[in-house]
Amino acid sequence: MVFEEKMILNGEPEDEEEEEEEEEDLVDPLETMRQKCAETEHCVHTQERLEDCETRVGSRSSTAEDCTEELFDFLHARDHCVSHKLFHSVK
């Protein structure tokens, strides 16, 4: 009972709520850069190839083909773009 009164008087539960609110406002710069880079011409092209492959594979009932190569091409193009931009904004 005494411990609970001290917590109420010290305001510890309110501090936890304030910390949670501050964490929600943070934006990951990596995700922002990935979205911007995915809109570049080269990334759009590789993403279209990936989507075409997914459509082709999804339309067949049984196939040995998968879209691993197209996925890696898209991720490589996007991350290559991000690597040139992200580290200039990191302090």
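How many disulfides does a search of the whole structure find?

Reply: First, the ground rules. This is a predicted model, where local features need pLDDT of at least 70, side-chain atom pairs count only at pLDDT 80 or more, and totals for chains, interfaces and linings use all residues. Residues are numbered from 1 along each chain as its sequence is written, and side-chain values use heavy atoms, with hydrogens and water left out.

The search of the whole structure finds 2 disulfides. A disulfide here is a pair of cysteine sulfur atoms within 2.5 Å.

Take cysteine 37 and cysteine 81. Their sulfur atoms are 2.2 Å apart, and they form a disulfide. The link of cysteine 37 and cysteine 81 is left-handed, with -70 degrees about the S-S bond. Cysteine 37 sits in helix 3 (residues 29-38) and cysteine 81 in helix 5 (residues 68-89), so this bond ties together parts that are 44 residues apart in sequence. Helices are DSSP runs (H or I, at least four residues), numbered from the N terminus. Cysteine 37 is buried, at 0% relative accessible area. Cysteine 81 is buried too, at 14%. Buried means under 20% relative accessible area and exposed over 50%, with partly exposed in between (1.4 Å probe, protein chains only).

Now cysteine 53 and cysteine 67. A disulfide joins them, S to S 2.1 Å. The torsion about their S-S bond is about -95 degrees, so this disulfide is left-handed. The pair links distant parts of the chain, 14 residues apart: cysteine 53 lies in helix 4 (residues 41-59), cysteine 67 in the loop between helix 4 and helix 5. Cysteine 53 is buried at 1% relative accessible area. Cysteine 67 is buried at 13%.

Count the bonded cysteines along the chain, and the disulfides follow the pattern 1-4, 2-3.

What about cysteine 43? Cysteine 43 counts as buried, at 1% relative accessibility.

The buried residues of helix 3 are Met33, Cys37 and Ala38. Seen down the helix axis, they fall within an arc of 130 degrees, so they line one face of helix 3. The arc is that of the directions from the helix axis to the C-beta atoms. An α-helix has 3.6 residues a turn, so residues three or four places apart point the same way. The face turned away from the buried side of helix 3 carries the exposed residues Gln35 and Lys36. Helix 4 and helix 5 are among what covers the buried residues of helix 3.

Technical notes:
Helices (H or I, at least four residues) and strands (E, at least two) are DSSP runs, numbered from the N terminus. Contact means heavy atoms within 4.5 Å.
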